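Dear colleague,

I am passing on the structure we spoke about, with the sequence alongside. Please have both open while you read the notes that follow.

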Amino acid sequence: MIRTINTKEITKNVKEMCIEANHYLSPDMDAAMKKATAEEKSELGKKILNQLQENLKIAGEEMIPICQDTGMAVFFVEIGQDVHFEGDLIEDAINEGVRQGYVEGYLRKSVVADPILRENTKDNTPAVIHYSIVAGDKVKITFAPKGFGSENMSRVFMLKPADGIEGVKNAILTAVKDAGPNACPPMVVGVGVGGTFEKCALLAKKALTRPVGEHSSIEYVADMEKEMLEKINQLGIGPGGLGGTTTALAVNINTYPTHIAGLPVAINICCHVNRHIVRVV
Ligand code: SF4
């Protein structure tokens, strides 16, 4: 049966999600930060992790964003094929929610209308929205505002099939090493393996929204996630890039079928706030 959803409902939820995600760390990230603080071996690293936690506490209590870079608004919107929207265009409804959330929530407006002319749009629109059609009569909205300190350190490698799993591991380590302190560590590393040039980047972005601590259901991928986290944490970059045993909190890897002639790998790096929030309408 077709279910009708008024797009005002989407706008309202998007607005609330923009404000919530920018003021409170998600429960999985909060738990990972606490665990990292307890386990960090470097004294300076521990001190920085404690300062980051203090910052998060103040942000929640005083309604101050958890980071000054409140990000470009990225959405994954899964639309049940039994949903009928009434009202505005869904794209306009989401952008209106971003506008209201960023303006009324006093969040930093970080979007320029043209990548070369660079005039600020003053309301953080347009968002970057990835749609997919799924079964059912609900709309699942995942919001992940992305700061560009870490976004700028992300990479795509078009490997050859013969590079194999070792090539993938090298690509991940290269991207993280090159990112160093610029990605505001401890980082979360989202990886996409397979698909095409653009698909692997999307897989990597989506991987960042997977709860930290949850592993891939594919055994060899889950093993690679654990191995890479260990290797990254041996690099010594540490919290804030000032040395220590906590460089990353998680490595989340998503895979997809690919062409016989290629092995695309994308690494989308996120920082210690790794904002992500999900609502089902
Ligand atoms: S990378 Fe993350 S923590 Fe660093 S400035 Fe950007 S949003 Fe903030």
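This is a predicted model: local features need pLDDT of at least 70, side-chain atom pairs count only at pLDDT 80 or more; totals for chains, interfaces and linings use all residues.

Inside the protein, one cavity of 30 Å³ or more was counted, and the space in the largest cavity comes to about 50 Å³. Its lining is made up of Ala144, Pro145, Lys146, Lys205, Leu208, Thr209, Cys270, Asn274, Arg275 and His276, a set that divides into four nonpolar, three polar and three charged residues.

Turning to the backbone, most peptide bonds are trans and most residues other than glycine have a negative phi, and the following places depart from that pattern. Thr125 and Pro126 are joined by a cis peptide bond with omega at about 0 degrees, and Pro126 sits in the loop between helix 4 and strand 4, the latter being residues 128-134. A cis bond also runs from Pro185 to Pro186, with omega near 10 degrees; Pro186 is in the loop that lies between helix 6 (164-179) and strand 7 (187-195).

The loop between helix 4 and strand 4 also holds Tyr106, a residue other than glycine whose phi is positive, near 55 degrees. Tyr106 has a relative accessibility of 73% and therefore counts as exposed. Arg118 is found in the loop between helix 4 and strand 4 as well, with a positive phi near 60 degrees, and its relative accessibility of 53% means that Arg118 is likewise counted as exposed.

Two further positions may be of use when you look at the model. Gly87 lies in the loop between strand 3 (83-86) and helix 4 (90-104) and is exposed, with a relative accessible area of 65%; although Gly87 and Ile5 are 82 residues apart in sequence, their C-alpha atoms are 8.6 Å apart in space. Lys231, in helix 8 (residues 219-233), is partly exposed at 33% relative accessibility, and between the C-alpha atoms of Lys231 and Gly194 there are 22 Å in space, with 37 residues separating the two in sequence.

With best wishes

Key. Residues are numbered from 1 along each chain as its sequence is written. Side-chain values use heavy atoms; hydrogens and water are left out. On a 1 Å grid over the protein atoms alone, a cavity is a set of points where a 1.4 Å probe fits but cannot get out, and a pocket is an open set with protein on both sides within 12 Å along at least five of seven lines; lining residues have an atom within 4 Å of a point. Grid points are joined across faces, edges and corners, and a volume is the space filled by probe spheres set on the points. Ala, Val, Leu, Ile, Met, Phe, Trp, Tyr, Cys and Pro count as nonpolar, Asp, Glu, Lys and Arg as charged, and the others, Gly among them, as polar. Helices (H or I, at least four residues) and strands (E, at least two) are DSSP runs, numbered from the N terminus. Buried means under 20% relative accessible area, exposed over 50%, partly exposed in between (1.4 Å probe, protein chains only).
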